[in-house]
Amino acid sequence: MEIIIAQDGAAVAQFAANIFEKYIRGGKTLGLATGSTPVAMYQELIRRHNEEGLSFSDCTAFLLDEYVGLAKEHEQSYYATIRRELTSHVDIDDAKVFSPDGTNPDPTAIAAAGQAYDAAIRDAGGIDIQLLGIGTDGHIGFNEPGSSLSSRTRMKILHPQTIADNSRFFGSAEDVPVRVLTQGLGTIGEAGHLLLLATGENKADAIAATVEGAVSAHCPASILQLHQHATVICDEAAAAKLKHKEYYRFAFENNPAWR
């Protein structure tokens, strides 16, 4: 696992954009995440598209998750969110941006939609780089604590803390859908490169558990420890509780790949 401790959120976005740009220029399959943390990276990629000719036209993209019961057109669906934050501002074809289909809330339909989504990812040749945020409880995608480490795309019930965290997008916790369709930890782990971003002191416990804690379903993000190519980029605040910060800085400074 590569650990990069950046000065602040702006630096996190720059490092992440540099990594993502290599995959975009190669026309690779991108795994996209929503939430607050990736927005600055998306804004930087949009700038590079507009000012430096970075083209997404050969890329395909898959989202991590979607709320159950929200139409794609709903302003808080993740399909609408990723269009608002990234894809409508660059030259990727809308037909090549995929999200889990949670529109039919029937359990049988949701199970079938999860299986179909995993099959679509496989048919695309797999995800080359998967962007991840992290919840305050260590969840990635919507794999809440207790999720199977080998889980596939399926329905999950949100943790009350996640509902509280996401209420800022809806106006109140009562408006946040309780059910979601999310890539599983097993699905996520099949991506070629996992790139996790974290900013702010409220993520410090989750980052410490992810990087230095036990691999456990109680911290779903800890599966990054098992991945052959995982990169964690966090700001100083999110890195505050890491025990081996000085080594991570030393390793970064002496790694020619980051020069």
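Predicted model: local features only at pLDDT ≥ 70, side-chain atom pairs only at ≥ 80, totals over all residues.
Three strands form an open sheet in the order β4-β8-β7, and their pairing is antiparallel. The edges belong to β4 (65-67) and β7 (154-157). Each of these edge strands has a single partner strand, so one side of each is left without a neighbour in the sheet. From one strand to the next, the twist averages 30°.

Look at how β7 meets strand β8 (residues 179-182). The two run antiparallel and are joined by four bridges. Which residue of β8 is the bridge partner of Lys156? The partner is Val180.

## How strands pair

Strands of a sheet pair through backbone hydrogen bonds, either parallel or antiparallel. The next sheet has parallel pairing.

## The seven-stranded sheet

Seven strands make up another open sheet. Their order is β1-β10-β9-β6-β2-β3-β5. At the edges stand β1 (2-6) and β5 (97-98). Why is one side of each left without a neighbour in the sheet? Each has a single partner strand, and therefore nothing in the sheet pairs on that side.

Now take strand β6 (residues 129-132) and strand β9 (residues 193-198). Four bridges pair them in the parallel sense. Gln130 stands opposite Leu194, which lies in β9.

## A helix on the sheet

Helix α1 (residues 9-25) packs on this seven-stranded sheet. The strands that α1 touches are β1, β2 (29-32), β6, β9 and β10 (230-235). Among them is the edge strand β1. The direction of α1 makes about 155° with that of β10.

Technical notes:
Residues numbered from 1 in each chain as written. Heavy atoms only, no water. Pairing = 2+ DSSP bridges. Contact = heavy atoms within 4.5 Å. Axes fitted to C-alpha atoms, helices over the stretch in contact; angles between N-to-C directions.
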